[in-house]
Amino acid sequence: MCINFVFYVLKRIFALTKTRYMNAEMMKNGRPHVAIVDTNTLASMGLRQMLQTVMPIMQIDVFSSLEQLRQVGMEKYFHYFVAMSVVLENRQFFLTYRRQTIVLTMTTDPNAQLSDFHCLCVQVPEEELVRTLLLMVQGAHGGGRNLPPMPKATQSKILSDREIEVLSLIAQGYINKEIADMLHISITTVITHRKNIMEKLDMKSVSSLTIYAVMNGYVDIHNI
């Protein structure tokens with residue numbers, strides 16, 4: 001009896017210590033947090049990578065169960081991307097957080113989705129999923145709406161006005177010559193701007209630049 005009690009106390013101390021450590025880590029960089037709850041580790045890792053690309057200002061944390069998430073604290077997260085099986089097992093619980101909960105489904109058929117929640121079908125091509133995520137983020141948090149103030153480092157203007165113009169046109173699919181004609185500058189200057197933009201943002205692909213442009217309000221997703 002005594003041994004069991006000691007074991008229980010040690011277990012609670014470990015759990016509390018772990019929770020406090022994770023909370024400290026979450027708040028360390030001052031970024032908003034999003035949680036993924038799914039028993040499928042591989043699927044969670046893939047979604048996490050995609051969300052981090054689509055929502056670079058967010059810190060994405062992955063949990064294999066609702067209990068793990070609750071230990072850290074539901075209030076720490078702006079959104080929860082949750083597997084449908086987890087939501088079904090804890091429907092009444094997630095109804096309390098339904099405005100923040102996004103249910104991960106395997107179909108786009110509305111008759112097979114949960115009517116009380118926002119649903120996201122993950123069984124679609126990557127480009128379609130990225131576009132859907134961008135639409136969701138732009139609709140809910142365009143221009144930083146409904147998010148806490150970001151750290152000063154992330155609020156600072158990274159690109160010049162001209163670089164922002166070039167970035168916007170790149171995201172809309174224009175080639176170097178078209179951008180040069182539209183901005184009345186040389187192709188060499190456009191190429192230089194592209195190089196500087198990629199170096200400043202540490203991005204190598206047009207798709208990454210497009211996501212950055214959409215997320216920062218430099219271009220509307222409907223124009224790409």
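Residue numbers start from 1 along each chain as its sequence is written, and side-chain values use heavy atoms, with hydrogens and water left out. Since this is a predicted model, local features need pLDDT of at least 70 and side-chain atom pairs count only at pLDDT 80 or more, while totals for chains, interfaces and linings use all residues.

Let's take strand β4 (residues 101-105); strands here are DSSP runs of E, at least two residues, and helices are H or I runs of at least four, numbered from the N terminus. In β4, 5 of its 5 residues are buried, meaning under 20% relative accessible area with a 1.4 Å probe, protein chains only. Thr 101, Val 103 and Thr 105 point one way, with Ile 102 and Leu 104 pointing the other. Side chains in a regular strand alternate between the two faces of the sheet.

Now for the second largest pocket, with a volume of about 430 Å³. A pocket is an open set of points on a 1 Å grid over the protein atoms alone, where a 1.4 Å probe fits, with protein on both sides within 12 Å along at least five of seven lines; lining residues have an atom within 4 Å of a point. The volume is the space filled by probe spheres set on the points. Of the 15 lining residues, Glu 126, Glu 127, Val 130, Ser 207 and Ile 211 lie nearest the centre. Helices α2 (41-54), α6 (126-141) and α11 (206-215) each give two or more residues to that lining.

Technical notes:
Buried means under 20% relative accessible area, exposed over 50%, partly exposed in between (1.4 Å probe, protein chains only).
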